[in-house]
Protein chains: 4
Amino acid sequence: MAGSRFAYVRDFELPDPALPDVYLVVRIDGKGFHKFSAAHNFAKPNDAAALELMNCAARQVCSELRGDVVMAFGESDEYSFLLKKDCQLYRRRKTKITTHIVSLFTSSYVFSWPSYFPQTRLLQPPSFDGRLVEYPTAKHIRDYFAWRQADTHVNNLYNTTFWACVLRGGVTEREAHERLRGTVSAQKNEMLFSEFGINYEREEAMFRKGTTLVWTQEEANETTTQPAEDVHDGLVSSPKGSQQNKRKVKMKRRLRTLHVDIIGDAFWLEGTAALPATA
Amino acid sequence: MAGSRFAYVRDFELPDPALPDVYLVVRIDGKGFHKFSAAHNFAKPNDAAALELMNCAARQVCSELRGDVVMAFGESDEYSFLLKKDCQLYRRRKTKITTHIVSLFTSSYVFSWPSYFPQTRLLQPPSFDGRLVEYPTAKHIRDYFAWRQADTHVNNLYNTTFWACVLRGGVTEREAHERLRGTVSAQKNEMLFSEFGINYEREEAMFRKGTTLVWTQEEANETTTQPAEDVHDGLVSSPKGSQQNKRKVKMKRRLRTLHVDIIGDAFWLEGTAALPATA
Amino acid sequence: MAGSRFAYVRDFELPDPALPDVYLVVRIDGKGFHKFSAAHNFAKPNDAAALELMNCAARQVCSELRGDVVMAFGESDEYSFLLKKDCQLYRRRKTKITTHIVSLFTSSYVFSWPSYFPQTRLLQPPSFDGRLVEYPTAKHIRDYFAWRQADTHVNNLYNTTFWACVLRGGVTEREAHERLRGTVSAQKNEMLFSEFGINYEREEAMFRKGTTLVWTQEEANETTTQPAEDVHDGLVSSPKGSQQNKRKVKMKRRLRTLHVDIIGDAFWLEGTAALPATA
Amino acid sequence: MAGSRFAYVRDFELPDPALPDVYLVVRIDGKGFHKFSAAHNFAKPNDAAALELMNCAARQVCSELRGDVVMAFGESDEYSFLLKKDCQLYRRRKTKITTHIVSLFTSSYVFSWPSYFPQTRLLQPPSFDGRLVEYPTAKHIRDYFAWRQADTHVNNLYNTTFWACVLRGGVTEREAHERLRGTVSAQKNEMLFSEFGINYEREEAMFRKGTTLVWTQEEANETTTQPAEDVHDGLVSSPKGSQQNKRKVKMKRRLRTLHVDIIGDAFWLEGTAALPATA
């Protein structure tokens, strides 16, 4: 066949499988988003539409890779996707998994731009880079997401105070940095409240807590008009003593968009957002 | 600092540098493009607008990474990018390089879709996956691109004959596959000519040869109205004996879009498209 | 400095750190030991001296790397070493860890040969190869060692029956293989008992169960004459109600050589051999 | 089969192939040889017997892996082995190659100890660690070996002067370090000559140049009594004009032990030691 004498070059493609039975986290980051957000006049300190566009793109990734991506967390221009331990996507080839997620996210971001910025033309194609990290246990996964949310808190409290000083306090950006240098959280909270009448705890939860996407199981309500992301059959037991009364109910998997604390135990141990897959 | 007790999770991000002083090739592939092209009614066997959109996205990658990406080759829903041996992009971290290129390509593809398909709404966000391969020498690079172009030839000759049978010959797709099973190139050429009056060698070069993007150096013509991709200063000697007469000329690097043979020596050894960086 | 223009070649030494917080298992295998054991007239089916020499070399590895190697298991010409999850040896560089263990084992094997084979001159330097495997959880570690010990059982039962047929039954090796083809364990046990009067369960435990090396903590008995591998101080509580009576006792870590079942729970959950480090 | 439910643990053994068609260099280093050489009273600044034992162990590696290891260079307690570009040993699995070489070297070192130190009992098993580095071109290989030999020169000139000061000049080790701090080569050469009557260039070549092992092709002399490492058939042309007179001669590959300059061109371009495999 034509070309067969060149086919040896394929041998240079080396395998890169992830370790079996570990959690995989793919984190993507906006490339040059400082400039990108300036060019598109994103609001300061947070642009709700821009964050919702990020969430929309992330939901697209979760839906496309349902069954593999079990959770996601986003803040600013970054998003982290958690793949279950026994994920077999691309036979766990790391580069394939990572590039597919980065590409799908990017594609959805550009695709959905007009829905979130109907008045603002996209001036140039944005890009994201990505990385894949392996984590052995559920403990590491909790700490990973806690790390990201703690980062959200630190950055957002700083930025909220900084931009309050600049936009409302009328100081220069340089002066604002100077004022904040070395301050701790309590001082920033106090500045916000006493100088600008801002109760930080009442700021929008999406800004303070970032966005968490999780799958939940719900009994399908046949009269609902909201489309479920995923529907499958399940067995639900009736009350004790009536073993024969088991009935088949449609269960729906829904992808929830939450802005809640994921550092404490509550998110992980109870309620609708519990993650059995990570136990 | 808040979150510092979680920061240990960063230690799980392991290094993945490429070997120094080897060529890097990043190849991207459309994910599920059979379905994607059907959904958007791409012409068979080749859709010129779809290929030109791929070329446009690839040009965006080359321009963004000028100085690092020295050549690219595309066919169908794939594109290969050659990075120079001493590329220091992202300190040669493989995943960063690969994801950035995949993301930028994807982003540009969606961004530029309306320019190439003004009448066709993009129905869903397309995605691409990518891989990075290391090649030690210029010989491997030549053979790599020869391998891809030989693939272009084999596939395009098959597809051209197949769709001639179906679209003009009125046979079913199954029947067309049957007829072509086991035929060699000469037989397909003969079928095309005798049955459908098609001289394969006169088919569009972009279909037969794929698309090659290369940077060329040209003396800037101040009166040109065509914008150069890149302009820099260079010294050009005047004729011997007039050392003092050196004059400064503007040199332009231009990104050329070619549809030529890259298997033979000519492309590599002579002419405007020569690649000094791969010598 | 002389040589500095060549020093760039160091940049080709790429990092290879193990993932943090996973167990590391280094397994070594004799290279060409079929021929080596024939050349040195090792007894069939098992040569006790040869196995004890393996154990001796493995003990040397465990002692040298005490604090990092928490357990080892050997059979035939292979040995597996378990490194604790938080092992920081060589900053977890995989090749360094693996080569050091392989080298130390090899060195000790040759060094100690005369002690186990005083009458047999070592004819040529034996060699071993090694590999390093990462395991995320204690469950994987138990299954790893169960896998090796199950292998010991299968191989040893086969070899014991095979050599009984050849050495006592007077059949050729080919005939012995034929007889055993397709037999299950019960049939081999029965053959051994009815034809050769061998009760397999009474064969030497080292042959049937392989050898397990573990560290145990014991209260140092000052009058003991047996040298401890390691001695350190620890606090041992006196009975309830006498908090003030805590006394300081010398604790000794001893490296035990066991030939016991490590597939069942007992070894892992109770007794002196329990492995707190793997919990 | 017994154990099959545990066999999944094998899936954690990940592939680690070297890139095709690049040179592989395995370098081994003595572990704790400062202490080891003190314990065995190695002569200062160089112990000829200790170096010859290193060379002996390296020759054993070269002979065992003839056809794959094409050259080696050693100094002090380190040795580098060059494997040819198309080496297929262990299907180029990096850890297998590295551990086998480290193990064989170690084994030979201990095995041959009594031949080089007949009066000195080996007190403890020495060990070596190893690393494998990939180099794309012959240029890198020349620079690699130049780097090692430049290191030999710098270290040996320092050590020769240092120990001359201590052993003949009667100063303490601390004082000797002080005297040498900041001196360049010319100053050390001058000190050696003027204070101790030592002409550095006449010091033993093995100390100054390290040891290079290479394979050479020689016409077999049937009457030779020296055993060849390797003998094979080859065709040698007779003088021009007598094409029909080609005769078959036995060719011997011999492993030469050299102490020559390998930084300059001569070693690489001419003479018996030329390395066609690295061209």
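This is a predicted model: local features need pLDDT of at least 70, side-chain atom pairs count only at pLDDT 80 or more; totals for chains, interfaces and linings use all residues.
Two residues are said to be in contact when heavy atoms of theirs lie within 4.5 Å. Neighbours within four places in sequence being set aside, Thr95(C) has contacts with Asp16(C), Thr98(D), Gly130(D) and Arg131(D). Along the chain, Thr95(C) and Asp16(C) are 79 residues apart, yet 7.2 Å separates their C-alpha atoms. Thr95(C) belongs to helix α3 of chain C. Is Thr95(C) buried, exposed or partly exposed? A residue is buried under 20% relative accessible area and exposed over 50%; because its relative accessibility is 22%, Thr95(C) counts as partly exposed.

Two packed helices are described by the angle between their axes and the distance between the axes. In chain C, helix α2 (residues 48–64) and helix α3 (residues 94–116) meet at an angle of about 135°, and their axes are 8 Å apart. Angles over 145 degrees would count as roughly antiparallel, and those from 65 to 115 as roughly perpendicular; α2(C) and α3(C) are therefore oblique to each other. Their crossing is right-handed. On the side of α2(C), the residues that make the contact include Leu53(C), Met54(C), Ala57(C) and Val61(C); on the side of α3(C), they include Ile101(C), Leu104(C), Phe105(C) and Trp113(C). What kinds of residue make up this contact between α2(C) and α3(C)? There are 13 nonpolar, 3 polar and 2 charged residues.

The discussion now turns to the backbone. Most residues other than glycine have a negative phi, and most peptide bonds are trans. Against this background, several places deserve attention. In chain C, the peptide bond between Lys44(C) and Pro45(C) is cis, with omega about 0°, and Pro45(C) lies in the loop between α1 (33–39) and α2. In chain D, a cis peptide bond joins Lys44(D) and Pro45(D), again with omega of about 0°. Pro45(D) is located in the loop that runs between α1 (33–39) and α2 (48–64) of chain D.

Asp21(C), which is not a glycine, has a positive phi of about 60°. Asp21(C) occurs in the segment before β1 (23–30) of chain C, and its relative accessible area of 28% makes it partly exposed. Ser76(D), also a residue other than glycine, has a positive phi near 50°. Ser76(D) is situated in the loop between β2 (69–75) and β3 (78–83) of chain D. With a relative accessible area of 51%, Ser76(D) is exposed.

Chain A contains 8 helices and 7 strands, and 51% of its 279 residues are buried. Of the contacts in chain A between residues at least 6 apart in sequence, 74% join residues at least 24 apart.

Finally, the chains may be considered as copies. Two copies of a chain are related by a rotation about an axis and a shift along it. Chain C is superposed on chain D by a rotation of 180° with 0.0 Å of shift along the axis, at an RMSD of 0.0 Å. The two copies are thus related as by a two-fold rotation axis. The same surface serves both, for 100% of the contact residues of chain C recur in chain D. For chain B on chain A, the rotation is 180° and the shift along its axis 0.0 Å, with an RMSD of 0.1 Å. Here too the same surface serves both copies: 100% of the contact residues of chain B recur in chain A.

Key
Residues are numbered from 1 along each chain as its sequence is written. Chains are lettered from A and ligands numbered from 1 in the order in which they are written. Side-chain values use heavy atoms; hydrogens and water are left out. Copies are superposed by least squares on the C-alpha atoms of residues with pLDDT of at least 70 in both. Axes are lines fitted to C-alpha atoms, for helices over the stretch in contact, and angles run from 0 to 180 degrees between N-to-C directions. Helices (H or I, at least four residues) and strands (E, at least two) are DSSP runs, numbered from the N terminus. Angles under 35 degrees count as roughly parallel, over 145 as roughly antiparallel, 65 to 115 as roughly perpendicular and the rest as oblique. A crossing is left-handed if the near helix is turned anticlockwise from the far one by less than a right angle, and right-handed if clockwise. Ala, Val, Leu, Ile, Met, Phe, Trp, Tyr, Cys and Pro count as nonpolar, Asp, Glu, Lys and Arg as charged, and the others, Gly among them, as polar. Buried means under 20% relative accessible area, exposed over 50%, partly exposed in between (1.4 Å probe, protein chains only).
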